[in-house]
Amino acid sequence: MSNSRVEEIREYDMEKPNLTHVQSVGGMTISPELFEKLYLTPKTPTAGDFRKRFANPTPLGFVGFVITDATFAMILMGWGGANSLSGVAGMFFFTGPVLLLLSTIFEWVQGNFFPMMVCGIFAVFWLSFGVLQVPSWGLAAAYSATGNSAEGAASVGYNAAIALYLLAWGFALLTFFIFTLKTNAVFAMIFGFVTTASFILSAAYWRVAMADYVTAMALQKAGGACLFVVALFGWYITFVMMAAEMRLTTKLPVGDLSHFWPSTDVTLNEMEKNA
C-alpha cells in the first residue's frame, strides 16, 4: 500500500465521529446532563457530525409551540373578553406548525429521536385543530341538515367527534409523558399538564354534545388553565435551552431525571447485550 493511501486512511480514522462523545455546535464535548438540557432527549450515540455542523433546532420548535399554546390557552379562558379563535386562526397553520415542522426535519437529520417525535406530533395537532377554525371549509355545516354552521357546531355528532379525537390525543400524550420521565422534570410537567388539558377539553366537548353548556364552559376554562401552565413551563425550558446555547453563565435548574436511569450513551447492540 502506498504511503499516500496510508495517510488518507489515518486522516479518515481521525475524523470519524466518536460514538461515546457528542459535540455541540462549537465542537465542544458535552456531558449527558447538558446534552439532555439542550436537546430534551437522553444522550445517545449517532454516526456523523450533524450536531456539530448544524444549530440546535429544538428551541425553534418550542418557540412556535409556546406562542400558539399560550394564545390558545388565554382565549379558552376568555381573557380580555376573547371568545373566538377565528381571528388568530393563522397561528394554527403558520406560527406553530411551520416552526415545529422545520424543527422536526432538523431533529431527524441530527438523529434526535424524541424531540423529533414531540415537534412532529404538535405540528400536526395544531394543523388539525386549525381546520376547525376556518368556517369557509364548512366542517360544522356538514352536521346540519340545513347546512347551517352554527347549528352544526352545536350538534351531538360534531362535538362527540371532536371529543373522541381529543380523547385519543390524551392517550397519545400520556404515552409521551411516560418517556419524558427519562429527561427532566420541567419537560415531564409540560406533558403532564398538556395530557390533562386534552382529557378536560374532551370532556368539555362531551358536555356541549349533551347541551350542558355551563359545565362545558367551566371545563373549557379549566383546560385553558392547564394549557397556560404548559406555556409557562414551555417558556422556561425554551429560555434554558437558549441560555445554554448563548453560553450564559447562569445555571437554571430543570430537574434532571436522566441520572435515575441506566446510561443511554451506548449503541443499541451494547444495550441488547446488557439486557
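Predicted model: local features only at pLDDT ≥ 70, side-chain atom pairs only at ≥ 80, totals over all residues.
Trp 169, with a relative accessibility of 12%, counts as buried.

## An aromatic pair within helix α8

Tyr 165 and Trp 169 both belong to helix α8, which spans residues 156-180, and they are four residues apart, a spacing of about one turn of the helix. The structure holds 23 aromatic pairs. In the pair formed by Tyr 165 and Trp 169, the ring centres lie 6.3 Å apart and the ring planes stand at 85°, so this pair is edge-to-face, given that planes over 60 degrees apart count as such.

## Packing of helices α4 and α5

Helix α4, made of residues 58-76, packs with helix α5, made of residues 95-110, at an angle of about 160°, and the two axes are 8 Å apart. Because angles over 145 degrees count as roughly antiparallel, α4 and α5 are described as roughly antiparallel to each other. The crossing in which α4 passes α5 is left-handed.

On the α4 side, the residues that meet α5 are Thr 58, Leu 60, Gly 61, Gly 64, Phe 65, Ile 67 and Thr 68. Their counterparts in α5 are Thr 95, Gly 96, Leu 99, Leu 100, Leu 102, Ser 103 and Glu 107.

Technical notes. Residues numbered from 1 in each chain as written. Heavy atoms only, no water. Axes fitted to C-alpha atoms, helices over the stretch in contact; angles between N-to-C directions. Helix = DSSP H or I, 4+ residues; strand = E, 2+ residues; numbered from the N terminus. Parallel < 35°, antiparallel > 145°, perpendicular 65-115°, else oblique. Left-handed = near helix turned anticlockwise from the far one by under 90°. Contact = heavy atoms within 4.5 Å. Phe/Tyr/Trp six-rings, centres within 6.5 Å; stacked < 30°, edge-to-face > 60°. Buried < 20%, exposed > 50% of the residue type's maximum accessible area, 1.4 Å probe, protein only.
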